[in-house]
Amino acid sequence: MTQPEPDGLRRRLLQGAGLGALVLACPPLRAQPAVKPLLIVSSWEISGLAPAASGYIFTRLQVTETLLDARDDGTPEAALAASWKVSPDGLEWHFELRPGARFHDGSPVTAQAVARSLNLARTPPGVLSMAPIRSIEAAGEKQLRIRLASPYMPLLSLLAHSSTMILAPASFEAKGTVREIIGSGPYRISKLEAPHQVETRLSEHYDGPRPAIAQVRYMAAGRAETRSLMAESGQADLAYNLDPVSITRLRQRTSLSIASVTLPRTLVVKLNAGLPGLKDLRVRQALSLAIDRPGIARALLRDPELAASQLMPPSLGAWHDPSLPTLKRDPVALRQLMQQAGWTLGAEGWHDAQGQLLRLKLQTFPDRPELPVLAAALQDQWRQAGFAVSVSIGNSGDIPLAHRDGSLQMGLAARNYATVPDPTGTLAQDFGPHGGDWGATHWSSPVAVDALQRLVRGGLDKAQLAAQRKRLLQTLHEELPLIPVCWYRQNVAISKRLEGVSLDPLERSFRLTGMRWKA
């Protein structure tokens, strides 16, 4: 029997994984020795040109820049803004732009251009809409001024968020809609085929050091099997969002290495606390007590250390409170709580005094490959505890949509609490008086709101900051508007043809400028 050629076998595998035509359009990189495009594959699609929708792709690819950047610990650092200062009352911020910065069309990065991008970014759902901004305006060719109605200390973090990326004036149509991505980063877009592919090459107008990698191709592949096959076959140089089973297999490949970084991200179950069955804290606590977190982390994530003892992982430092009691599985306490809340356990599960069965639906999505598997594990553990839970796997936008129209019951997601480098901004978005798309639904706490307001206003010394963080974390831990399940570790398959790869724990950048091909 004739054996298939290696390329033919790879073609069949990739076609079976669902991306045959798209993958085959990209020839193996070894066929182009003169100019090697670095190929990155992940699950993140390019859902449009609006910064709030897909800005994170363009900032990670270092096509666009933000006014501020952030170190690994979240501390602000210079980007397009070379320096900044704030008035004593906290109401006026001044930024001095990098003098040599130019957009990819050759036009200079001026304060007026920056102000235009930032003013457009103030429209919800952009994170800049959270800040009490009175005005953003040029105060000179390279000087920008932002005036606030009240002090807002997370402002610098918001200005490092991808939705605040700065685009050239030529990027916009008359009404402010983005028609083309013209940034100021070291790479410019040479080809864009949304939602799956973008190609970039070095910008001749970048004012920083010239990177060693001249061309980059980014591809979105929805299935984890496809991404792992692309890494295994040598088509992908960097493969993100890998499932645990694939990671185990890829570790055995001598042509690859697996790099990992703990992220400020937690796998959480978002609850609608306005529903009759979930309004009672005791029911939310019982759902949490049914979860075997170490078992899930060990069996599904292959890493028992990722079992979430509380909402914030230890990697977030000051936001992780070791004094909080560990979230754990306790079937006895679970039954006691449910009985105290007026529920009776029958053959089909928990039912109320009228005999109505407590039925719940858990929504999730496959963008992160562990979520559907985790949903099935939670469903089984809740079934064993008497909770009748169905699972619905849809799109990532379904959970925010269900939050807004009130139809959400439970949603499983991976929430990054350093979406902006200072978690205060994300927490204020999630747990403010009206909740948030990825945070509380029909739940609010005066203690949490007050702590967040104090953190946002600033003016606190180190001890006062710690005290307000503790108040907030303790309230979230006790009242469970979200149920933490596991913390998160990003694993990336890296071709051994590459050197200088480092992973960003804040997921702001692929750090392409530090990479090079092995000689």
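Strands (E, at least two residues) and helices (H or I, at least four) are DSSP runs, numbered from the N terminus, and two strands pair if DSSP finds at least two bridges between them. The model is predicted: local features need pLDDT of at least 70, side-chain atom pairs count only at pLDDT 80 or more, and totals for chains, interfaces and linings use all residues. Residues are numbered from 1 along each chain as its sequence is written, and side-chain values use heavy atoms, with hydrogens and water left out.

Within this pair, pick glutamate 96, which stands opposite glutamine 143 of β7.

The open sheet has four strands in the order β4-β5-β7-β6, with antiparallel pairing.

Now select 111-121, helix α4, which packs on the sheet and touches β5, β6 and β7; contact means heavy atoms within 4.5 Å. The direction of α4 makes about 150 degrees with that of β6. Axes are lines fitted to C-alpha atoms, for helices over the stretch in contact, and angles run from 0 to 180 degrees between N-to-C directions.

Move to 224-233, helix α6. Nine of its 10 residues are buried, so α6 is largely enclosed by the rest of the structure. Buried means under 20% relative accessible area (1.4 Å probe, protein chains only). Among the buried residues are Arg227, Met230 and Glu232. Just after α6, glycine 234 has a positive phi of about 90 degrees.

Finally, show everything: the protein has 15 helices and 20 strands.

Note on methods:
Buried < 20%, exposed > 50% of the residue type's maximum accessible area, 1.4 Å probe, protein only.
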